[in-house]
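Subject: Structure handover

Hello,

Here is the structure I said I would pass on. Please open it beside this message and keep it in view as you read.

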Amino acid sequence: MDRLKEHIIEGSAVKSKAGRDKGRYFIVTAVSEDYVWLSDGMLRKLEKPKKKKKKHVEPVAAKKLVEPGTLTNKSASALIKELYAADKN
């Protein structure tokens with residue numbers, strides 16, 4: 001397994017590398033051996049996260065941005081907007 005993929009943990013940010021959502025940022029809400037469940041608080045709410053293979057996402061940061069239990073759609077949306085703003089600079 002790729003060393004960076006090991007850093008995909010709940011509460012961390014990732015960027016999609018494949019699919020219709022390519023280039024979009026997400027917060028990881030759950031992790032299994034091969035899959036991650038992603039939410040952005042806008043199109044993909046916490047109540048219905050996107051299931052995606054780990055090989056189709058890349059970690060933005062190896063650290064946790066938020067504790068998974070405290071994540072809300074509003075806070076996820078705010079974090080994602082910050083990532084897009086930082087990406088423009």
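Below is what was found in it, from the overall fold down to single residues.

Please bear in mind that this is a predicted model.

Overall fold

The protein chain has 89 residues, and 34% of them count as buried. Its secondary structure comes to 1 helix and 5 strands. Among contacts with a separation of 6 or more, 51% are between residues 24 or more positions apart. The chain exposes about 5,600 Å², and carbon and sulfur atoms supply 51% of that area.

The sheet and the helix

The 5 strands form an open sheet, with antiparallel pairing, in the order β4-β3-β2-β1-β5. Which strands stand at the edges? They are β4 and β5 (57-59); each has a single partner strand, so one side of each has no neighbour in the sheet. Neighbouring strands are turned against each other by 45° on average, direction ignored.

Within the sheet, β2 and β3 pair in the antiparallel sense over 4 bridges.

As background, strands of a sheet pair through backbone hydrogen bonds, either parallel or antiparallel.

In soluble globular proteins, nonpolar side chains tend to be buried together. In this model, the largest nonpolar core has 9 residues: Ala13, Tyr25, Ile27, Val66, Leu71, Ala76, Leu79, Ile80 and Leu83. Two elements, β2 (25-31) and α1 (73-88), each give two or more residues to this core. The largest share, 4 residues, comes from α1.

Apart from this core lies another one, of 7 residues, including Ile8, Val14, Val28 and Leu38.

Valine 66 is a member of the largest core. Leaving out residues up to four places away in sequence, valine 66 touches Glu10, Gly11, Ile27, Leu71 and Leu79.

Salt bridges

How many salt bridges does a search of the whole structure find? The search finds 2.

One is between the side chains of lysine 52 and aspartate 21, at 3.0 Å from N to O. This pair links distant parts of the chain, 31 residues apart: lysine 52 is in strand β4 (residues 50-53), and aspartate 21 is in the loop between β1 (13-16) and β2. Are these two residues buried or exposed? Lysine 52 has a relative accessibility of 7% and counts as buried. Aspartate 21, at 11%, counts as buried too.

Aspartate 40 is buried, with a relative accessible area of 0%, whereas arginine 24 counts as partly exposed at 23% relative accessibility.

Valine 36 lies in strand β3. It is buried, with a relative accessible area of 0%. Which residues is valine 36 in contact with, leaving aside neighbours within four places in sequence? They are Ile8, Val28, Ala30, Val31, Lys50, Lys51, Lys52, Lys54 and Val57. The C-alpha atoms of valine 36 and histidine 56 are separated by 9.7 Å, and the two residues are 20 residues apart along the chain.

Alanine 61 is found in the loop between β5 and α1. At 23% relative accessibility, alanine 61 counts as partly exposed. Not counting residues up to four places away in sequence, alanine 61 touches Ser12 and Ala13. Alanine 61 and serine 12 are 49 residues apart in sequence, and their C-alpha atoms are 6.9 Å apart in space.

Regards

Key
Residues are numbered from 1 along each chain as its sequence is written. This is a predicted model: local features need pLDDT of at least 70, side-chain atom pairs count only at pLDDT 80 or more; totals for chains, interfaces and linings use all residues. Side-chain values use heavy atoms; hydrogens and water are left out. A nonpolar core is a set of buried Ala, Val, Leu, Ile, Met, Phe, Trp, Tyr and Cys residues joined through side-chain atoms within 4.5 Å. Buried means under 20% relative accessible area, exposed over 50%, partly exposed in between (1.4 Å probe, protein chains only). Contact means heavy atoms within 4.5 Å. A salt bridge is a side-chain nitrogen of Lys or Arg within 4 Å of a carboxyl oxygen of Asp or Glu. Accessible areas come from the Shrake-Rupley method with a 1.4 Å probe; for residues, only the protein chains shown count as cover. Two strands pair if DSSP finds at least two bridges between them. Axes are lines fitted to C-alpha atoms, for helices over the stretch in contact, and angles run from 0 to 180 degrees between N-to-C directions.
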